[in-house]
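Let's take a look at a metal site and the strands around it. Have the sequence and the 3D view open side by side as you read.

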Amino acid sequence: MYSYKVTTLNDFIIMRQKDFPYAKGELSSLLSNIGTAAKIVNKKINKAGLVDIIGKAGMVNIQGENQQKLDVFADKVFTDALRSCGECCGIATEENQNEIVFSDRIARKGKYIVCMDPLDGSSNIDYNVSVGSIFSIYRRKTPRGEPVKNEDFLQKGISQVAAVYVIYGSSTMLVYTTGNGVNGFTLDPSIGEFCLSHPDIKTPADGRIYSINEGNYGYFPQGIKRYIKYCQEEDTETERPYSSRYIGSLVSDFHRNLIKGGVFLYPPVAGMPEGKLRLVYECNPISLIAEQAGGAASGGSKRILEIEPGSLHQRSPLYAGSKNMVRKIEKFLTA
Ligand code: AHG
Ligand code: MN
Ligand code: MN
């Protein structure tokens, strides 16, 4: 008799709570709140062509980028969910210059802070290309009960207690780690639950996909130019030439490579000597997931998770995915 036993995200979070003998479920409640808010954002994205949610919001965010309506919507949904969950005392978001302090009585006592990119890849929204949301979770450093401070958000990526991304693709998935491996959950719209679909994700040590915006080739560091040529050379032993796959949404490009094997590259380019991606809410959470799945993530000469953040929106080059491919890129960069 076929038993349709599903393990929902909440079932799994509770099951895995045993990984944290001293935890009283606060992180669990934070993670499940992110899951619930993601379902709300997912519903809007799935109707993007039918409801007034595509196009520009007519505002520019602190990055000087045109905010898409869905950026603003996702930012509000996740901010409200984190403010009301009672475990988070403040957030840093791509859409705001400074951190947002949650000062109401319950939130103020929250143990955790969250850094987020509420909508990643948003320039793709109007063209029905998959996008994502990214979250990086830390314990606050300053005393509980006091207003959270900027220093709470500038911790090295190695101190993250959890990293989460949601990918709104052909199906909607939530992938997360709390430092004990990586697990993926696919949203089953018929029951409105994220169900365990990719237990204990391990990324292949080698892959045949490289993901980079080759339009910037002229600006890349020499080592990256040489690496791209290396990927394009014919060599049966190392199964080259590789395939070039680039969607332009970090979460989507990274997720495909995580499962299949491959490497994502965003090097320094013209006008962005540190690359385009932000360390605190894009590179760090993606890098923790990469490492927890057996992969690697580098800024070129240094492990991403070891970089000391100096400011909320600072950028970093990012080379993340299959371990041997990241190491190869580092060799090309330091040769
Ligand atoms: P966001 O939409 O949050 O600003 O992030 C977009 C990022 C990332 O998702 C993607 O990898 C990168 O921008 C693509 O940049 P290019 O268009 O310069 O290749
Ligand atoms: Mn982004
Ligand atoms: Mn974004």
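A quick definition to begin with: a residue counts as buried when its relative accessible area is under 20%, with a 1.4 Å probe and protein chains only. Keep in mind that this is a predicted model.

Start at the manganese ion (ligand 3). Its protein donors are E94 through OE, D117 through OD and L119 through O, lying 2.2 Å from the ion. Along the sequence, these donor residues follow the spacing E-x22-D-x1-L. E94 belongs to the loop between β3 (88-93) and β4 (100-101), while L119 belongs to strand β5 (residues 112-120), so to speak a link between distant parts of the chain, 25 residues apart. By the cut-off above, E94 and L119 are both buried.

The manganese ion (ligand 2) sits 3.7 Å from the manganese ion (ligand 3), and D117 coordinates both.

Eight of the nine residues of β6 are buried, which means the strand is largely enclosed by the rest of the structure. Here is how β6 pairs up:

| Strand pair | Sense | Bridges |
|---|---|---|
| β5 and β6 | antiparallel | seven bridges |
| β6 and β7 (residues 162-168) | antiparallel | seven bridges |

To find these pairings in the viewer, pick out a residue pair from each. Y112 has R139 of β6 as its bridge partner. On the β7 side, F135 stands opposite V164.

Technical notes. Residues numbered from 1 in each chain as written. Chains lettered and ligands numbered in written order. Predicted model: local features only at pLDDT ≥ 70, side-chain atom pairs only at ≥ 80, totals over all residues. Heavy atoms only, no water. Donors = N, O, S within 2.8 Å, 3.2 Å for Na, K, Ca; no water. Helix = DSSP H or I, 4+ residues; strand = E, 2+ residues; numbered from the N terminus. Buried < 20%, exposed > 50% of the residue type's maximum accessible area, 1.4 Å probe, protein only. Pairing = 2+ DSSP bridges.
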